[in-house]
Structures are given as structure tokens and as C-alpha cells.
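Here are my notes on this model, for reading beside the coordinates.

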Amino acid sequence: MPDGKYKRLKALARERGTSVNQLVDEMAMLMIAEHDAETRVRMRAERGQGQEQEGLELLDKAMGRASPH
């Protein structure tokens, strides 16, 4: 890691009352959570592929409208 980046992380850690290692751990945890969420969204999108019309009809039904689709 470049010295400048490390120095900024160290200052940030000091401001937050934690260590650089703890900051990196928190960033890693956030990145993993983001990746997991993205993976879930992609899987749901794949499962719904080709069912767009049915989805629109269900939305119309839920809103109490006759389906124009």
C-alpha cells in the first residue's frame, strides 16, 4: 500500500479510536456484504427472466387495476 494512503488510513483510524487493521476488517466486511447482495439480486433476476409480463400483471392486480399488458 502506498505510504500516503497508509498515512491517511492511520489518521482516520486515530480519529475513530481504532486501528488500521480494524478499519481494513470493516472495509472487507462491507465489500463482502455488497458482493453477497449483488449475487442475490443477480440470482433473483435470472430466476425472473422471461416472466416480465406475469410480473407486470401481478403488479396491476395488486394495485387493483385491470391489466393493460
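1. Terms first. Helices (H or I, at least four residues) and strands (E, at least two) are DSSP runs, numbered from the N terminus. The expected span of a helix is 1.5 Å times one less than its number of residues.

2. Basis. This is a predicted model, in which local features need pLDDT of at least 70, side-chain atom pairs count only at pLDDT 80 or more, and totals for chains, interfaces and linings use all residues. Residues are numbered from 1 along each chain as its sequence is written, and side-chain values use heavy atoms, with hydrogens and water left out.

3. Helix α2. This helix covers residues 20-48, 29 residues in total. From first C-alpha to last, α2 reaches 42 Å, close to the 42 Å expected at 1.5 Å a residue. Just after α2, glycine 50 has a positive phi of about 85°.

4. Helix α1. Does its length agree with the rule, or disagree? It agrees: the 14 residues of α1 (residues 3-16) should span 20 Å, and the end C-alpha atoms are 20 Å apart. Glycine 17 follows α1, and its phi is positive, near 70°.

5. Overall form. The protein chain has 3 helices and 0 strands. In sequence order the pattern is α-α-α. The radius of gyration is 23 Å, well over the 11 Å that the globule rule gives for 69 residues, so the chain is more spread out than a compact globule. (The radius is taken over C-alpha atoms; the rule is 2.2 Å times the number of residues to the power 0.38.) Along its principal axes, the C-alpha trace spans about 60 × 25 × 15 Å.

6. Surface. Of the 69 residues, 7% count as buried. Buried means under 20% relative accessible area, exposed over 50%, and partly exposed in between (1.4 Å probe, protein chains only). The chain exposes about 6,300 Å², and carbon and sulfur atoms supply 56% of it. These areas come from the Shrake-Rupley method with a 1.4 Å probe; for residues, only the protein chains shown count as cover.

7. Salt bridges. How many salt bridges does the rule give? The count comes to 2. The rule asks for a side-chain nitrogen of Lys or Arg within 4 Å of a carboxyl oxygen of Asp or Glu.

8. The pair in α2. Arginine 42 and glutamate 38 meet through their side chains at 2.6 Å, N to O. They are 4 residues apart in helix α2, which means a separation of about one helical turn. Arginine 42 is exposed, at 52% relative accessible area, whereas glutamate 38 is partly exposed, at 37%.

9. The other pair. Arginine 65 and aspartate 60 form a salt bridge at 3.0 Å, N to O. Is aspartate 60 buried or exposed? Aspartate 60 counts as buried, at 3% relative accessibility. Arginine 65 is partly exposed, at 47%.

10. Alanine 13. This residue lies in helix α1 and counts as buried, at 2% relative accessibility. Alanine 13 and leucine 23 are 10 residues apart in sequence and 6.7 Å apart in space, C-alpha to C-alpha.

11. Glycine 50. Where does glycine 50 sit? Its place is in the loop between α2 and α3 (52-62). Glycine 50 is exposed, with a relative accessible area of 64%. Glycine 50 and aspartate 60 are 10 residues apart in sequence and 18 Å apart in space, C-alpha to C-alpha.
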